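Here is a walk through one protein model, from its cores to its sheet and a few backbone details. Keep the 3D view open while reading.

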Amino acid sequence: MNTARIPAAASTWQRLVTLVLTDDFRQRRRIVMVLMTAVLYMVCLALLTYGVVFGIFAGQGVIVLGILCALTATVFYALVRSGLNLRFSEPSLAFPQAMVAQTLVATAYAVSGPAHAANLIFLAMVMFFGMFDMRLRNVRILMFYTIGLIGAVMAWKSHVDPLVYPWVLELIYFATATTALPAISSLAVQLTKMRNRLRSQKQELEAALAHIRQVATHDELTKLANRRHMIALLGEHITRHARGGPGFSVALADIDHFKNVNDTYGHRVGDEALVAFAAQARAHLRNTDIIARWGGEEFLLLLPEAPPPGDPNVGIERLRAALAVAEASAQAPHLRIAFSTGITRYIDGEQIDDMIERADRALYAAKAGGRNRTALL
């Protein structure tokens, strides 16, 4: 019985967590930050309430501050939970949250009477919370706003309530704030630069890794799959077929008289002809067909079986017709290329090399039969 209740309780808890925090990782992190700020508001209000109970603070100011804190926490939670924050350039809303928080701390400073100096630590805490998600410009704006605001509150309170806020002590507090807050701001600048540098390095590593993968699996000239990658793909298709998947054929295609192209027009035109062949192949082969540069002017095609009346040679003949009219090189506008093909079907249990050797024999048969044609074996 107990084992049946645990999953149900866990499921209920999970649904509750998802309801409050959403199941989006980034949004969940932002909501957690909003709730942590709300907890700080609650701690501050609890201390103020304690002061009201023991007659240290006036109750009216604390009530107003409590209402403002509750409204602030509710509004920012609603913005993030609803997804409206994603419309802003900084979805974390760290900057507006920090600005409002510092305003509330300054308000708490004004209503907390003899214990007002304790609120200075909250100014620093807000700076610490905000500096991880804010831009450098916003960090500086927040610092100057905080110093200016708390300085104005100190000056006002020392004027209207000099017994509780004597200007001599307020001057010391202000000097402390103007020393600590810029130091925190400087730390935020360094952390932001470090974060940007790490993000840049991560992007560079991801780009380098993508390039390495591309180089490892694709031919540099034609951008087709290379020989190593095609062998891996053949292995995957063999495994899939052994598990009941569809069969497939392979075809070796060789550009006819390619040596004459190089000898007559040069290797640069020859390379452009290979690139043109690859581009036409991508455009005219079936969507399921895979082509790789096997070596030199030779290409290997993997042709999965399609439902009847599927024919693996359909895409090949479409490619042959397209090449008959397509320009192979801008430097030789009259040059047209053709190719011969040998197709064979995979036989259950055979090795890849045996299958390709049979396709090679079919290719030679196509060449012996006059080229620019397909032979099956």
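The model is predicted.

Start with the nonpolar packing. The largest nonpolar core has 39 residues. Leu48, Leu65, Tyr109, Met134, Leu142 and Ile150 have the most contacts inside this core. Six helices each supply at least two of its residues: helix 2 (25-53), helix 3 (59-82), helix 4 (94-111), helix 5 (120-130), helix 6 (136-160) and helix 7 (167-217). The largest share, eleven residues, comes from helix 4. A second core is separate and has 26 residues. Ala253, Leu301, Ile316 and Ile337 belong to this second core.

Zoom in on Leu48. Set aside its neighbours within four places in sequence, and Leu48 is in contact with Phe57, Val62, Leu65, Ala108 and Ser112. Leu65, one of these partners, is itself listed among the residues with the most contacts inside the largest core.

Now take helix 8, residues 227-242. Helix 8 has 16 residues and reaches 23 Å from its first C-alpha to its last. That is close to the 22 Å expected at 1.5 Å a residue. Which residues of helix 8 are buried? They are Met230, Leu233, Leu234, His237, Ile238 and His241. These residues cover an arc of only 140 degrees around the axis, so they sit on the same side of helix 8. Arg228 and Ala242 lie on the other side, and they are exposed.

What do the buried residues of helix 8 pack against? Their partners are strand 1 (248-255), strand 2 (290-295), strand 3 (298-304) and helix 12 (352-368). Helix 8 lies across strand 1, strand 2 and strand 3. The helix runs at about 135 degrees to strand 2. After helix 8 comes Gly244, with a positive phi near 105 degrees.

Those strands lead to the sheet. Strands of a sheet pair through backbone hydrogen bonds, either parallel or antiparallel. Here the sheet is open, with five strands in the order 2-3-1-4-5 and mixed pairing. Strand 2 and strand 5 (374-376) stand at the edges. Each has a single partner strand, so one side of each is left without a neighbour in the sheet. The twist averages 20 degrees from one strand to the next. Look at the strand 2 edge. Strand 2 and strand 3 run antiparallel and are joined by five bridges. Across this pair, Arg293 stands opposite Phe299 in strand 3.

Next, two loop residues with a positive phi. Leu93 is found in the loop between helix 3 and helix 4. Its phi is near 55 degrees, a positive value in a residue other than glycine. Is Leu93 buried or exposed? With a relative accessible area of 4%, Leu93 is buried. Asn372 lies in the loop between helix 12 and strand 5. Asn372 is not a glycine either, yet its phi is positive, at about 55 degrees. Asn372 has a relative accessible area of 38%, so it counts as partly exposed.

Finish on helix 7, where Arg197 is found. Arg197 and Val34 are 163 residues apart along the chain. Their C-alpha atoms are separated by 27 Å.

How values were computed:
Residues are numbered from 1 along each chain as its sequence is written. This is a predicted model: local features need pLDDT of at least 70, side-chain atom pairs count only at pLDDT 80 or more; totals for chains, interfaces and linings use all residues. Side-chain values use heavy atoms; hydrogens and water are left out. A nonpolar core is a set of buried Ala, Val, Leu, Ile, Met, Phe, Trp, Tyr and Cys residues joined through side-chain atoms within 4.5 Å. Buried means under 20% relative accessible area, exposed over 50%, partly exposed in between (1.4 Å probe, protein chains only). Helices (H or I, at least four residues) and strands (E, at least two) are DSSP runs, numbered from the N terminus. Contact means heavy atoms within 4.5 Å. The expected span of a helix is 1.5 Å times one less than its number of residues. The arc is that of the directions from the helix axis to the C-beta atoms. Two strands pair if DSSP finds at least two bridges between them. Axes are lines fitted to C-alpha atoms, for helices over the stretch in contact, and angles run from 0 to 180 degrees between N-to-C directions.
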